[in-house]
Each structure stands twice: as C-alpha cells, then as structure tokens.
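I opened this notebook to keep track of what I looked up, one entry at a time.

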Amino acid sequence: MHPADPITSCWQASLDLGFERRDESTLLVRREHRGPLRVQKALYPEGPRLCHAIVLHPPAGIAGGDRLQIGIELGADAQTLLTTPGAGKWYRSPADGRLWAEQAVRLKVGAGATAEWLPQESIVFDGAQAGMRTTVELEQGARFIGVETLCLGRRASGETFERGSLHLATDIRMAGKLLWRERGVIEGGSPLLHSPIGLAGFSVCSTVLVAGSDIAPETLRACRAVTASEAGARCGVSVMPQLFVGRYLGHSAQAARVWFVTLWQYLRPSIIGCEAVVPRIWNT
C-alpha cells in the first residue's frame, strides 16, 4: 500500500459488519458505515442458517485518493456469504503518482463459523494506481472460501494495462498461525505481463483460496479435473495443510467465473456442508 496525502474530494469510506448465530439463524447484528459503502439488508436464499449480504459501493468506481475499508466479523458458528452487485472499477489515477486508490478488507471468523467472500471481478483501468489488501483471521474450526478476479485493462475496448501499478496483499491466519501470505506488484507495461512466469500475455487472472479445512482426496481429484471453458486459458489447483489454492489465467472474466463456480460446486459441500447456490445478483 502507498500512502496518499488527504484529499477532501476523495471518498474515505468504511463498512463494519457483525454476524452472530442465534438458535438456528445467522443474523446481521451490526451494520456501521461511513461514506459510500452499504449493506441494505440481510438475505436468506438458502434458509436462516446462512446469511447473504451484498456490499454496495454507490459510486461504482474507485478513483485515485479513494480509501475503502471493509471489516467483517463472524461470531462462533455463524455462516455468511458476501458478494458485490457488479464488477468493481478502478479508474485511472493522476499521472503524478500522488493519489493511490486503496481497498482493505478484513475478515474475523469465529470458532466453527464459515465466511465466503465472493466479490465480482475488479476491472483495473489503464493508468490506475491501486492497492488491494485482504486479511483473514480464523479461529480454530473456522473456514473461509474466497475468490479474487482481476481484469487488467478493458479488453473489449481495446485497452491494455500499459501504465499504472497494482499492489496486492493477502494474509490468512488460523488461530494466529500464518497459513498464507501473498504479495504482488503488477506494473503497467512491465515484462511481467507477458512473461511465462508472470501473466503470460493474459489479461484476466483469478485466485480461489479455501482455508481452515483439509481437502478430501475425492474433492481434490474432482477439482483437478475441472478445465477452462475458454480456449487457450490456463488453470490449476494445489493444496497444503488446511489450504486450497486455485489459479486461472485467460481473457474472459465470465469464463473465470464459470471455472470458479464449478470448483465451488465441489468445494462448498465438502467444506461447509452446503450445495453451491449462485447469488441471484450475479445473473442481473
């Protein structure tokens, strides 16, 4: 992350959500916001045990100087799925490099609880200077399923990511022990975009992370058999103790989503005991 001088015309927004298990229901018991971040209501398309919430950012795009902070806390045995109503857009920043756009997401997941953080794709415009940080803290017995899909440039408009910079940071801890740490810097126009050890010329990359549970051998075999629907795209999965990692490289965010949903259909029943139910907002 890069510090930016305070700019009063930029959005400084925060959202804090708290979920608790009460009897057989998961309730949204805390909803505090500052600036343009909202959750309008709790949704229960899968019944009262699992609460869905849609995180809204009314400006729709994130510009240089904007700082968004999202904090999500689940009490013991709560279950929630959070997503967004559409693609996030990271706009071009001023060329002087002073104004970075930043988003920080922190999830604290109590014992026996499950959190699914499934935002729709992030479109990083040419010239954007963006920092994205995700921190997940799991108590013993907690589980996490997350996906992050990045679209570099606007391929449909002929735009590539030739200028700007994207800084990525992800940490996952279980009972204070570090399970996963990833840091990435993608510079616009850099050789990394075309290197075979980088993005290999692809404009869309997606990462799936599942933490807090070992993957059953039959589930892993099914996930390894999942192929990309997009011609020429690349995908693969790997496992470590209490951690599953999936990677996708291609040019289509829609194809990346199809790949994720297919993996999810195998992973979710194994991890949290529920069939995969695609949020309705993804179809609008």
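**Entry 1, ground rules.** I am working with a predicted model, in which local features need pLDDT of at least 70 and side-chain atom pairs count only at pLDDT 80 or more, while totals for chains, interfaces and linings use all residues. I number residues from 1 along each chain as its sequence is written, and side-chain values use heavy atoms, with hydrogens and water left out.

**Entry 2, strand β6.** I looked up β6, residues 79-83, where strands are DSSP runs of E with at least two residues, numbered from the N terminus. Five of its five residues are buried, a word I use for under 20% relative accessible area, with exposed meaning over 50% and partly exposed in between (1.4 Å probe, protein chains only). Q79, L81 and T83 lie on one side of β6, and T80 and L82 on the other.

I count two strands as paired if DSSP finds at least two bridges between them. β3 and β6 are parallel and share four bridges, with H52 opposite L81. β6 also runs parallel to β9, again with four bridges; there Q79 has T114 as its bridge partner, and L82 stands opposite W117.

**Entry 4, strand β9.** I then followed β9, residues 114-117, where T114 and E116 point one way, A115 and W117 point the other way, and all are buried. Four bridges link β9 in parallel to β12, residues 143-152, and E116 faces I145 across that pairing.

L27, V29 and Y44 form a nonpolar patch with about 200 Å² of accessible area together, by the Shrake-Rupley method with a 1.4 Å probe. Such a patch takes residues with over 30% relative accessible area and no salt bridge, nonpolar side chains being joined within 5 Å; a salt bridge is a side-chain nitrogen of Lys or Arg within 4 Å of a carboxyl oxygen of Asp or Glu. L27 belongs to strand β2, residues 25-34, and is partly exposed at 31%.

Definitions and conventions
Patch = residues over 30% accessible without salt bridge, like charges linked within 9 Å, V, L, I, M, F, W, Y side chains within 5 Å.
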